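Please look over the sequence and the model before reading on.

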Number of protein chains: 2
Amino acid sequence: MNLDLERDFPTIDWESHLAARTQGMKSSAIRELLKMTQIPDIISFAGGLPAPELFPLREVEEACRHILREDGEEALQYGATEGYTPLKEFLATQMHKYGIPSKPENVLLTNGSQQALDLLGKVFLDPGQYTLTGEPTYLGAIQAWNAYQARYHTIPLDNNGMIVDEVEQAYEQALEDSGKPPAFIYVLPNFHNPAGTTLSWERREKLAEIATRLDLPVVEDDPYGQLRYEGEDIPPIATLIPERTIYLGTFSKTLAPGLRIGWIVCPEALMLRFVQAKQGCDLHTGTLAQYVTNDICQRGLLKPHIQQLCKIYKERRDTMLDSLAEFWPESCSWTRPEGGLFLWARVPDSIDTEEFLRKRTLKEKVAYVPGINFYPNADGGHHAMRLNFSYAPPETIVEGIRRLGVALKKALAE
Amino acid sequence: MNLDLERDFPTIDWESHLAARTQGMKSSAIRELLKMTQIPDIISFAGGLPAPELFPLREVEEACRHILREDGEEALQYGATEGYTPLKEFLATQMHKYGIPSKPENVLLTNGSQQALDLLGKVFLDPGQYTLTGEPTYLGAIQAWNAYQARYHTIPLDNNGMIVDEVEQAYEQALEDSGKPPAFIYVLPNFHNPAGTTLSWERREKLAEIATRLDLPVVEDDPYGQLRYEGEDIPPIATLIPERTIYLGTFSKTLAPGLRIGWIVCPEALMLRFVQAKQGCDLHTGTLAQYVTNDICQRGLLKPHIQQLCKIYKERRDTMLDSLAEFWPESCSWTRPEGGLFLWARVPDSIDTEEFLRKRTLKEKVAYVPGINFYPNADGGHHAMRLNFSYAPPETIVEGIRRLGVALKKALAE
């Protein structure tokens with residue numbers, strides 16, 4: 001048994017061993033970009049990161065202490081796939097207040113909202129099947145569903161969110177192209193990632209009517225709904241058609257992403273399928289992380305924390321909007337989000353935002369995500385970019401937007 | 001917008017909307033059983049739970065405090081899909097000592113070992129493709145791969161683990177039945193779940209030779225390798241053929257399952273595919289849980305903790321073996337594991353262990369997992385059961401095995 005661990009090993013042709021679905025898998029552009037943007041002094045508007053200096057460190061530490069002293073044996077043990085009951089109860093109550101008819105039996109805890117997207121793929125998507133999404137849409141959803149060999153018909157957005165009048169046509173196209181109705185429609189109703197827009201109440205009502213008529217399940221992904229900086233809350237789509245809506249929530253933006261706690265609210269008749277799928281995926285969501293989250297929620301610490309986040313993120317949004325107006329050429333435009341973490345900027349057609357990033361702005365030490373990454377069929381967004389305003393402090397935002405403005409003006413002058 | 005949340009909602013025929021793969025998804029028998037066994041006073045040998053009274057609560061609390069005070073902003077933030085670098089470095093060093101040539105680039109942190117099984121399915125399994133497994137085998141693997149519409153050819157076990165001489169025949173059958181080679185062979189080398197057996201060194205060598213000859217990837221699932229109560233460690237299969245082995249490890253049995261921290265060691269050429277798959281699944285493993293685990297590892301607290309676990313679990317194993325000898329009919333037999341959490345017991349053919357559980361032993365307030373759940377094709381194990389000896393304290397083990405013995409004798413006398 002005297003083996004030399006430093007010896008040379010043969011090379012295996014792994015690709016020939018892999019499942020067909022791996023051909024559609026790609027690394028997330030954002031996560032690759034995040035690595036690239038670890039260049040020192042770079043100003044990155046690329047990530048979707050919350051401001052780390054606002055994490056409630058003391059509250060989390062207290063929660064850890066409480067839990068490990070009072071419920072330690074349960075908090076470190078295996079748990080139910082459905083999630084920790086008190087946290088499910090808390091969420092059901094919160095969701096009910098938010099307008100979604102829900103009991104604890106309608107709630108499934110997930111390993112971040114990304115896992116909910118994966119479970120949707122696993123439970124709904126046959127290879128080659130269509131889903132309907134906005135254009136642009138969240139790239140994490142594309143990544144999750146590409147692994148199930150999904151195809152996409154897309155519906156454009158305007159300043160009031162998805163143009164729901166075009167849903168039926170996209171549905172018909174999917175039906176025609178594949179002989180099957182699309183699996184579901186994916187909607188980001190509030191402070192859309194990446195577009196920054198919010199779906200109006202009128203459109204939510206219309207979408208509910210269309211989805212019901214077409215017997216189309218609705219996935220309502222709402223990571224930012226609690227982060228509204230102005231205007232009135234608009235009730236979720238799930239309040240209109242809870243029987244056909246799968247609502248996704250997360251603590252990643254309101255508490256801390258490192259805990260990896262998200263949740264699904266869905267009809268009970270569908271819940272068993274998500275639970276079965278999740279059992280195969282990872283048995284259950286981290287017990288300690290659920291107990292910590294629950295402790296913070298039950299002590300009433302989440303609401304004031306969110307209020308503080310809203311105050312600070314509003315300042316950062318305003319700083320970014322002001323800086324854009326000050327430093328960018330007039331031929332550019334951008335959305336004005338009422339909440340969330342992102343805005344969407346458009347540049348003149350002479351600038352390809354992917355090339356512009358690679359060839360120019362990284363040298364100027366400033367980064368964003370090129371728009372093409374949010375197009376499921378990679379057929380648009382060439383002259384757009386997503387800018388995050390939650391992560392960097394105001395003075396950094398000013399400097400980063402200034403650098404981008406200088407680079408844009410230079411490129412346009414050539 | 002004045003909607004009545006208590007109104008009646010229509011019912012949707014969800015099953016007609018779901019992907020074909022959901023037809024193969026079932027709830028885990030064990031997890032359903034765990035619910036059933038929440039009957040008060042029941043003695044359950046069904047779960048695979050570590051003893052909660054041995055969790056290092058103080059050490060975890062200290063780790064939480066350290067981390068939140070020193071690295072809180074990183075520990076609550078999004079992290080790299082690959083995992084937290086210091087923990088990857090620690091694991092690479094440990095794995096190297098254990099006999100597996102590995103660098104941090106060969107290590108991927110997963111949300112428990114169950115996620116590694118899911119990632120294997122996602123990356124390797126086309127619908128209808130075969131894998132080779134032992135018979136019996138770990139039911140969580142079956143559950144993970146059924147969701148990818150896997151099929152199984154199985155290889156029987158004896159007291160020295162998988163009878164590797166039969167691997168080639170199973171490979172040929174898979175090739176014949178599907179026109180494709182099986183995706184991989186799944187092996188539990190140490191203190192097999194559920195069988196309790198350990199694969200001998202001679203068989204590991206032979207398996208390495210066969211796998212190389214057949215160009216067959218090997219999945220080596222080793223959750224219990226550190227929990228050896230007697231005898232000498234046997235080097236992992238990965239020490240022989242690291243170039244074609246995907247090794248799975250976990251902290252669930254050595255530290256705490258509620259943290260959900262497992263890991264994969266695999267060739268670098270394959271790593272990117274697992275990372276891409278994991279990005280779509282959940283972006284990354286919980287950051288706080290990784291930092292806590294790393295803190296405990298780096299402070300050198302894991303090794304003495306494992307030594308304590310081994311001492312206590314050995315006593316429990318011995319208690320169970322003694323009780324079986326004392327209370328069970330002579331017509332029964334069982335394995336004698338040198339480590340791990342489980343043993344496998346066989347009863348006479350007149351007893352079906354599924355029916356016996358349902359009709360008799362639950363009334364006697366004692367539970368186990370019927371053997372059939374560990375047969376991927378549900379075609380065996382009718383007269384066998386898995387017994388866990390890590391969870392219950394010794395006096396409870398004695399009483400539970402006594403109750404089972406009484407019930408067995410009663411059934412045999414009828």
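## The core around Ile185(B)

Apart from its neighbours within four places in sequence, Ile185(B) is in contact with Leu132(B), Val167(B), Ala211(B), Leu216(B), Val218(B) and Val219(B). Two residues are in contact if their C-beta atoms, placed from the backbone, lie within 7 Å. Ile185(B) also belongs to the largest nonpolar core, which has 254 residues; Ile185(A), Val292(A), Ile185(B) and Val292(B) have the most contacts inside it. A nonpolar core is a set of buried Ala, Val, Leu, Ile, Met, Phe, Trp, Tyr and Cys residues joined through C-beta atoms within 7 Å. A residue is buried if 20 or more other C-beta atoms lie within 10 Å of its own, exposed if 12 or fewer, and partly exposed in between, with C-beta atoms placed from the backbone.

This is a predicted model: local features need pLDDT of at least 70, side-chain atom pairs count only at pLDDT 80 or more, and totals for chains, interfaces and linings use all residues. Residues are numbered from 1 along each chain as its sequence is written, while chains are lettered from A and ligands numbered from 1 in the order in which they are written.

## The eight-stranded sheet of chain B

Eight strands of chain B form an open sheet in the order 2-9-8-7-6-3-4-5, and the pairing is mixed. Helices (H or I, at least four residues) and strands (E, at least two) are DSSP runs, numbered from the N terminus; two strands pair if DSSP finds at least two bridges between them. Strand 2 (107-110) and strand 5 (161-162) of chain B are the edge strands, each pairing on one side only.

Strand 2 of chain B runs antiparallel to strand 9 (residues 262-265) of chain B, and four bridges join them. Here Val107(B) stands opposite Val265(B). Val107(B) and Leu109(B) point one way from strand 2 of chain B, Leu108(B) and Thr110(B) point the other way, and all are buried. Elsewhere in the sheet, strand 6 (residues 185-187) and strand 7 (residues 218-221) of chain B pair in the parallel sense over three bridges, and Val187(B) has Glu220(B) as its bridge partner.

## A buried strand in chain A

Six of the six residues of strand 3 (residues 130-135) of chain A are buried, so this strand is largely enclosed by the rest of the structure. Strand 3 of chain A pairs in the parallel sense with strand 4 (residues 151-158) of chain A over six bridges. From strand 3 the chain passes through helix 6 (residues 139-146) to strand 4 of chain A, a right-handed β-α-β crossover. Right-handed means that, with the strands pointing away from the viewer, the path from the first strand over the helix to the second runs clockwise.

Strand 3 of chain A also runs parallel to strand 6 (residues 185-187) of chain A, joined to it by two bridges. In this pair Leu132(A) stands opposite Ile185(A).

## Where the two chains meet

The contact takes 79 residues from chain B and 78 residues from chain A. Helix 9 of chain B gives the most to the side of chain B that touches chain A, with ten residues. By class, that side has 43 nonpolar, 22 polar and 14 charged residues. Ala, Val, Leu, Ile, Met, Phe, Trp, Tyr, Cys and Pro count as nonpolar, Asp, Glu, Lys and Arg as charged, and the others, Gly among them, as polar.

A rotation of 180 degrees with 0.0 Å of shift along its axis superposes chain B on chain A (RMSD 0.0 Å). The two copies are thus related as by a two-fold rotation axis. Superposition is by least squares on the C-alpha atoms of residues with pLDDT of at least 70 in both copies. Of the residues of chain B, Cys64(B) comes closest to the rotation axis, at 3.4 Å (C-alpha).

## Backbone details

The peptide bond from Glu135(B) to Pro136(B) is cis, with omega near 10 degrees. Pro136(B) is in the loop between strand 3 (130-135) and helix 6 of chain B. In chain A, a cis peptide bond joins Asn193(A) and Pro194(A), with omega about 15 degrees.

Ala378(B) has phi near 55 degrees, a positive value in a residue other than glycine. Ala378(B) counts as exposed, with 11 C-beta neighbours inside 10 Å.
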